[in-house]
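Please keep the sequence and the structure at hand while reading the points below.

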Amino acid sequence: MSSKNRNFMSDLASSVEQATEPVDRSARRGGGVLGGRSNRLAEIASGAAVDNPQEFVDPARCRIWERHNRDYAALNHDRCRDLIDSILAQGKQEVPAIVRRVSDDRHYDYEVICGARRHWSVLWLRQNNHPEIRYLIEVRTLTDEQAFRISDLENRAREDLTDLERARDYLKALGLYYNGRQKDMAKRINQSEAWLSRYLDLARLPPELVEAFPDPYELKISHIGALKPILKADDMRAAVLAEARLISEQRDGGVVGGPTNAPEMIRRLVIAAERVRRSGTPPKAQTAPKRSGIGSGTICDDAGAPLLRVDGKDRRALTLTLFHKGGGDRAAAEAALSDLLDRYWPKPS
């Protein structure tokens, strides 16, 4: 057994509340059917036995819990291929999803706590020539906090759940269930504060930075060591975000040669931050390479915040985009716009 699986089993074992009194199973021997049933009920009541019903259901009657730790919209055939192949080979889903009953929506009977990928795979199979495949579920009665911990434990050992998905789930849970107390949350999920901090740092990365990555789901907690230091100082942070915007614009504009994976992206961002650190001043406005006509690019202020996006498709017209949210201030935008007018529409002498 790998160390990862040993840790998972240890976590799972520590999260289960054990019965304080052992059950005397010898009482069953002479009690007949009624005696056996009474003892079984006693075991369930004491916690020594668990009675969680399992059944095969139509996946369309199951909705995904809104706080599920997996990005359901990001699932596709490639991400679920191994599971689809496994279900086809077995002729059915072998491992049940964990659900709880729904009473507030007539369109659904259950809410999926663990098993979103299984849900997606069964739905895909039913829509692709296998209507006989049904969704195997195990019904539990759970509070939201219990649902979060069970979902976390089940998925912690799964490599198909990305670090970014897990990080975002932890950040939401910190506020929802633990009042922002990181120490309490770490203790509850049986992990160190340092371990939890790395995930929270990943979840707190600026959205525009994350979205600039070729595949944001390639981001891992191991990358925090390189990203966190270059985002601390205001000038370096501005330069890093400006570089991320430039990379996004180049990619959207069809410019080739940009970063193709997370390590390459991080190297570009570190280089941008290093230029600021060595010079002591942030870089001036950067623009995307010129295309046909007048040219295209983003005009930034001295701190690297975007002001205007200029698109020149021909020599007769310019299209301007104003970054009025999350960009620089009005005065800087007015100055940049004035410079553009003077350049392309000079004042009469």
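The model is predicted, with a mean pLDDT of 80 for the chain. Of the 349 residues in the chain, 39% are buried.

**Fold and contacts**

- The chain's secondary structure amounts to 13 helices and 8 strands.
- Among contacts in the chain with a separation of 6 or more, 62% are between residues 24 or more positions apart.

**Confidence**

- A pLDDT of 70 or more is reached by 72% of the residues.
- Residues 12-30 have a pLDDT below 50, and this stretch makes 16 contacts in the model beyond near neighbours in sequence.
- Residues 282-295 also have a pLDDT below 50, and this stretch makes 47 contacts in the model beyond near neighbours in sequence.

**Aromatic pairs**

- Searching the whole structure gives 7 aromatic pairs.
- One of them joins Tyr 170 and Tyr 199 in an edge-to-face arrangement, with 5.4 Å centre to centre and 80 degrees between the planes. The angle is over 60 degrees, and therefore the pair counts as edge-to-face.
- This pair links distant parts of the chain, since Tyr 170 is in helix H6 (residues 163-177) and Tyr 199 is in helix H8 (residues 193-203), 29 residues apart.
- Tyr 170 is buried at a relative accessible area of 0%, and Tyr 199 is buried at 6%.
- Tyr 199 also pairs with Trp 195: the ring centres are 4.8 Å apart and the planes stand at 55 degrees, so this pair is tilted.
- Trp 195 and Tyr 199 are about one helical turn apart, because they are separated by 4 residues in helix H8.
- Trp 195 has a relative accessibility of 17% and therefore counts as buried; the cut-off for that label is under 20%.
- Through ring pairs, Phe 148, Tyr 170, Tyr 177, Tyr 178, Trp 195 and Tyr 199 are linked into a cluster.

**Arginines**

- Arg 166 lies in helix H6, the helix that also holds Tyr 170.
- The relative accessibility of Arg 166 is 4%, so this residue counts as buried.
- Leaving aside residues up to four places away in sequence, Arg 166 touches Asn 155, Arg 156, Arg 158, Leu 161 and Tyr 199. Tyr 199, one of these contacts, is also a member of the ring cluster.
- Arg 79 lies over the face of Tyr 217, at 5.7 Å from the ring centre.

**Cysteines**

- How many disulfides does the chain have? The count is 0 disulfides, with a pair of cysteine sulfur atoms within 2.5 Å as the criterion.
- Cys 62 is buried, with a relative accessible area of 3%.
- Cys 114 is buried as well, with a relative accessible area of 0%.

Definitions and conventions. Residues numbered from 1 in each chain as written. Predicted model: local features only at pLDDT ≥ 70, side-chain atom pairs only at ≥ 80, totals over all residues. Heavy atoms only, no water. Phe/Tyr/Trp six-rings, centres within 6.5 Å; stacked < 30°, edge-to-face > 60°. Helix = DSSP H or I, 4+ residues; strand = E, 2+ residues; numbered from the N terminus. Buried < 20%, exposed > 50% of the residue type's maximum accessible area, 1.4 Å probe, protein only. Lys NZ or Arg CZ within 6 Å of the ring centre and 35° of its normal. Contact = heavy atoms within 4.5 Å. pLDDT = per-residue confidence, 0-100.
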